[in-house]
Amino acid sequence: MIDVDEMQQRLREFADARDWEKYHSPKNLVMAMSVEMAELMEHFQWMTEQQSLDLDTKTREKVALEMADVLIYLVRMADRCGIDLDHAVEKKLLLNGQKYPVVK
Ligand SMILES: [Mg+2]
């Protein structure tokens, strides 16, 4: 399981050690995340639905690294915005449950 707090701490230390804090504004981070999303999507461009479900090992590894890029920027951005992602996810799941109730 991903520990968001630990991840934020590690990313903060990584950026701080490289003097990258000055580049990590929320504006820059959301743009970087969007670029990484495009890199992730590129792997799936022109695939059929079935091909997207049956990734070969090499493609799956590349996709995993792009997903990590997206998550890293998201977690970093939350840190820089002072947003508690655990709390935000709990709240959103609650709202989604109310918006889309289970139909029996
Ligand atoms: Mg990337």
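This is a predicted model: local features need pLDDT of at least 70, side-chain atom pairs count only at pLDDT 80 or more; totals for chains, interfaces and linings use all residues.
Residues are numbered from 1 along each chain as its sequence is written, and side-chain values use heavy atoms, with hydrogens and water left out.

**Overall fold**

- The protein has five helices and zero strands, where helices (H or I, at least four residues) and strands (E, at least two) are DSSP runs numbered from the N terminus.
- Along the sequence, this gives the pattern α-α-α-α-α.
- The radius of gyration is 17 Å, well over the 13 Å that the globule rule gives for 104 residues, so the protein is more spread out than a compact globule. That radius is taken over C-alpha atoms, and the globule rule is 2.2 Å times the number of residues to the power 0.38.
- Taken along the principal axes, the C-alpha atoms fill a box of roughly 45 × 40 × 25 Å.
- Of the 104 residues, 21% count as buried.

**Salt bridges**

- A salt bridge is counted when a side-chain nitrogen of Lys or Arg lies within 4 Å of a carboxyl oxygen of Asp or Glu. By this rule the count comes to six salt bridges.
- As background, side chains of opposite charge can pair when their charged atoms come close.
- The side chains of R12 and D79 form one of these bridges, at 2.8 Å from N to O. R12 belongs to helix α1 and D79 to helix α4, so the pair ties together parts that are 67 residues apart in sequence.
- K22 bridges to D19, with the closest N and O atoms 2.9 Å apart. K22 is exposed, with a relative accessible area of 55%.

**Surface patches**

- Patches are made of residues with over 30% relative accessible area and no salt bridge; like charges are joined within 9 Å, and nonpolar side chains (Val, Leu, Ile, Met, Phe, Trp, Tyr) within 5 Å. Accessible areas come from the Shrake-Rupley method with a 1.4 Å probe, and for residues only the protein chains shown count as cover.
- D3, D5, D84, D86 and E90 gather in a surface patch of negative charge. In this scheme Lys and Arg count as positive and Asp and Glu as negative, without His and the chain ends; the place of a charge is NZ of Lys, CZ of Arg, CG of Asp or CD of Glu.
- I2, L71 and L74 make a nonpolar surface patch of about 230 Å².
- I2 is found in the segment before α1 (4–17) and counts as exposed at 53% relative accessibility.

**Backbone points in the loops**

- Most residues other than glycine have a negative phi, and most peptide bonds are trans.
- D19, the partner of K22, has a positive phi near 60° although D19 is not a glycine. D19 is in the loop between α1 and α2 (26–42) and is partly exposed, with a relative accessible area of 47%.
- W46 also has a positive phi, about 75°, and is not a glycine. W46 lies in the loop between α2 and α3 (49–53), where W46 counts as exposed at 76% relative accessibility.

**A residue pair across the sequence**

- K62 lies in helix α4 and counts as partly exposed at 42% relative accessibility.
- The C-alpha atoms of K62 and E39 are separated by 9.8 Å, and these residues are 23 residues apart along the chain.

Conventions:
Buried means under 20% relative accessible area, exposed over 50%, partly exposed in between (1.4 Å probe, protein chains only).
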